[in-house]
Amino acid sequence: MSATPHRRGSSYRLGGLQLTDHHFQVPLDHSGPDGEQLALFAREVSRRGGEDLPFLVFFQGGPGFEATRPMEHAGWIKRALEGHRVLLLDQRGTGRSSAVDAEILAGFGSPGAQAERLALYRADNIVRDAEAIRLALLEPEANWSVLGQSFGGFCVATYLSFAPEHLDAAYITGGLPPMGAGADAVYTATFKTLATKNAALFERFPDDSEILNRIADFCRTAEVQLPCGDPLTVRRLQSIGIKLGMSDGPAVIHWLLERAFTPKGSLTTAFLRGIENLNGFDTNPLYAAIHETCYGEGPRLEWAAFRALQARPEFSDAAGELLLLGEMVFPWTFVEYDALVPFAAVADSLASRSNWPALYDPAALARNEVSCAAAVYADDLFVDRELSLATAKKIRGCHTWTTNEYEHNGLRADGERVLGRLIELARS
């Protein structure tokens with residue numbers, strides 16, 4: 001791998017943390033290192049006196065989201081800084097790393113050319129980027145540790161597959177990938193969990209089902225617009241179910257529904273703004289555009305979530321008793337969200353793309369020697385428990401902590417304890 005240009009940026013203090021910006025250049029396609037380059041950004045986080053500790057690299061969930069922006073010496077970062085510096089990487093196409101929006105996408109050419117490019121924004125190239133950064137920051141033989149949340153855990157499994165010799169330890173939270181299972185198995189499991197989550201919501205808040213159906217009827221008979229100008233369709237309403245996968249999600253949905261109607265029977269501005277704010281498609285459109293590609297290995301994806309939905313008619317937007325959906329992207333998502341309309345053609349092209357390269361190496365994982373620990377959330381809506389545990393068995397020496405104490409956001413909700421537990425497991 002050729003030398004990666006590196007520029008050290010600003011350094012400053014915030015909330016008891018020492019923060020230093022780093023800027024890099026890496027190839028868009030690592031198989032052609034002399035071709036087009038991408039600008040990558042990473043933020044180093046340390047505590048006073050810990051500037052020379054080994055690195056722990058954080059891989060953000062998503063795909064398509066930039067790394068967390070730390071505000072204080074707390075949570076999982078506090079625990080990590082006991083023995084490490086933390087490197088928060090904005091993955092390619094996000095944040096300050098050559099971010100992709102509608103205007104940038106248009107410059108990539110035809111939908112086919114756009115798809116060829118966005119196919120390079122998956123875990124395999126994110127790991128290659130990380131390796132280029134490691135060589136720019138450290139001595140060639142120096143190692144670091146990695147932590148991956150959700151999709152970030154997929155990246156960690158890819159790292160263990162293709163460059164384990166440069167890892168001291170690997171930690172995964174809610175992100176052991178469904179290795180070898182394929183997208184169809186993922187969404188079959190997701191709908192099963194969704195049914196359970198919906199039932200739990202309506203059992204806890206008995207009035208919410210009636211309110212939800214009343215809102216749906218209103219949207220069917222009136223043209224309702226969100227503050228951003230998008231139409232509020234029944235399908236858009238169902239999408240609030242993405243919150244069911246978070247520890248505070250059912251309460252968030254309940255508080256949203258309880259203020260849905262004005263005394264005159266129309267929908268309140270507060271409710272409409274709340275619906276609009278429950279996803280990041282406008283600020284992070286890459287999240288939708290490449291969502292299913294993180295499962296792609298070999299054959300076409302062909303809108304796997306949509307096909308799974310068709311097999312579960314009780315989740316239809318025309319069902320008599322409306323159910324909420326989860327973290328899924330459908331063909332109509334790119335029609336009903338104005339921010340995603342420019343991504344419709346490339347998303348369809350990616351769905352029909354075949355011969356996806358492998359993201360994991362089962363043989364390498366079977367002989368793994370890196371200390372590895374993973375938190376598996378028993379009721380996880382986003383990453384299925386059984387598929388995760390099946391993958392854990394394929395990674396030699398992977399210690400798992402299966403718990404029902406947390407939902408998918410366990411690292412954010414109680415990060416100091418969650419990461420602490422994984423560090424102890426890995427050391428054991």
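**Briefing: fold dimensions and salt bridges of a predicted chain**

Arg 79 is buried, since its relative accessible area is 14%, where buried stands for under 20% relative accessible area, exposed for over 50% and partly exposed for values in between (1.4 Å probe, protein chains only). Its salt-bridge partner is Glu 82, with 3.1 Å between the closest N and O atoms, and Glu 82 is partly exposed at a relative accessible area of 47%; a salt bridge here is a side-chain nitrogen of Lys or Arg within 4 Å of a carboxyl oxygen of Asp or Glu. The model is predicted, so that local features need pLDDT of at least 70 and side-chain atom pairs count only at pLDDT 80 or more, while totals for chains, interfaces and linings use all residues. Residues are numbered from 1 along each chain as its sequence is written, and side-chain values use heavy atoms, with hydrogens and water left out.

**Overall fold**

- The chain contains 17 helices and nine strands, taken as DSSP runs (H or I of at least four residues for helices, E of at least two for strands) and numbered from the N terminus.
- The radius of gyration is 22 Å, close to the 22 Å that the globule rule gives for 428 residues, so the chain is as compact as a globular protein of that length; the radius is taken over C-alpha atoms, and the rule is 2.2 Å times the number of residues to the power 0.38.
- Along its principal axes, the C-alpha trace spans about 65 × 45 × 45 Å.

**Burial and contacts**

- Of the 428 residues, 57% count as buried.
- Among contacts (heavy atoms within 4.5 Å) between residues at least 6 apart in sequence, 74% join residues at least 24 apart.

- A search of the whole structure finds 18 salt bridges, among them one between Arg 43 and Asp 21, whose closest N and O atoms are 3.3 Å apart.
- This pair links distant parts of the chain, with Arg 43 in strand β3 (residues 37-46) and Asp 21 in strand β2 (residues 17-27), 22 residues apart; both Arg 43 and Asp 21 are buried.
- Asp 21 also meets Arg 96 in a salt bridge of 3.5 Å, N to O, and because Asp 21 lies in strand β2 and Arg 96 in the loop between β5 (85-90) and α2 (102-106), the pair ties together parts that are 75 residues apart in sequence.
- Asp 21 counts as buried at 6% relative accessibility, whereas Arg 96, at 42%, counts as partly exposed.
- Through shared partners, salt bridges join Asp 21, Arg 43 and Arg 96 into one network.
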